[in-house]
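Below is a walk through one protein chain, from its overall fold to a few side-chain arrangements. Please keep the sequence and the model in view while reading.

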Amino acid sequence: MMQNRLFMAVMSGWLAVASTGSTQDPQPLDKFDGKWQITAQTTDGKMMSEEELKNRYLVFRGDKVTQLFMDNERGNAATKIDATKNPKEIEFHYLDGPAKGVVLKGIYSLDGDSFTICLSGIDRDRPKAFESKEGSGTILLKLKRVK
């Protein structure tokens, strides 16, 4: 039960993350720089409503990314990326908040001003596709760069 609550806290997107790039990553982290609005989020097959998504952002600066909700920071995590893999890989290592110590493995796609991230559930394998089906435990995020 505790794991389910922790999983839901992580998936609901309330936490902030800090990012450190992999030395194997040929894609510079500055490609992520800027403010990104979360335009869609599906967690374990359930889509969040437009109302729930209002005021949710990720802000990338160099090797850090902060998640904002109503302009307030929500926790921290270290992130590793590896753009040499296909699909490209990302990991979130939560440093504080209710998800402290949790590692979520994922994949990502960055195409100009569109950014898609698909994360595993707690203690699950890295997803192979950009999807979040019921029972999968995955979190699918779609983001658009704010100009």
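Two residues are in contact here if they have heavy atoms within 4.5 Å. With that cut-off, and not counting residues up to four places away in sequence, S120 touches L104, K105, D125, R126, P127, G137, T138 and I139. S120 is found in the loop between β9 (114-119) and β10 (139-145). Its relative accessibility is 1%, so S120 counts as buried. The model is a predicted one.

The chain as a whole has 2 helices and 10 strands. Along the sequence, these elements follow the pattern α-β-β-α-β-β-β-β-β-β-β-β. Of the 147 residues in the chain, 47% are buried. Among contacts between residues at least 6 apart in sequence, 56% join residues at least 24 apart. The chain exposes about 8000 Å², and carbon and sulfur atoms supply 49% of that area.

Side chains of opposite charge can pair when their charged atoms come close. A search of the whole structure finds 6 salt bridges. In one of them, E89 pairs with R126, with the closest N and O atoms 3.5 Å apart. This pair links distant parts of the chain, since E89 is in strand β7 (residues 88-94) and R126 is in the loop between β9 and β10, 37 residues apart. R126 also meets E91 in a salt bridge, at 2.8 Å from N to O. Here too distant parts of the chain are linked: E91 is in strand β7, 35 residues apart from R126. R126 has a relative accessibility of 17% and therefore counts as buried; E91, at 16%, counts as buried as well.

A further salt bridge joins the side chains of E131 and K133 at 3.9 Å, N to O. E131 is partly exposed, with a relative accessible area of 37%, while K133, at 53%, counts as exposed. Salt bridges that share partners join E89, E91 and R126 into one network.

The aromatic residues come next. A pair of aromatic rings is described by the distance of the centres and the angle of the planes. The whole structure holds 5 aromatic pairs. The ring centres of F92 and Y94 are 6.5 Å apart and their planes are at 35 degrees, so this pair is tilted. F92 and Y94 are both buried. Elsewhere, F32, W36, Y108 and F115 form one aromatic cluster. A charged residue also meets a ring: K35 lies over the face of Y57, at 4.3 Å from the ring centre.

Terms used. Residues numbered from 1 in each chain as written. Predicted model: local features only at pLDDT ≥ 70, side-chain atom pairs only at ≥ 80, totals over all residues. Heavy atoms only, no water. Phe/Tyr/Trp six-rings, centres within 6.5 Å; stacked < 30°, edge-to-face > 60°. Buried < 20%, exposed > 50% of the residue type's maximum accessible area, 1.4 Å probe, protein only. Lys NZ or Arg CZ within 6 Å of the ring centre and 35° of its normal. Helix = DSSP H or I, 4+ residues; strand = E, 2+ residues; numbered from the N terminus. Areas by Shrake-Rupley, 256 points an atom, 1.4 Å probe, with all protein chains shown as cover. Salt bridge = Lys/Arg side-chain N within 4 Å of Asp/Glu carboxyl O.
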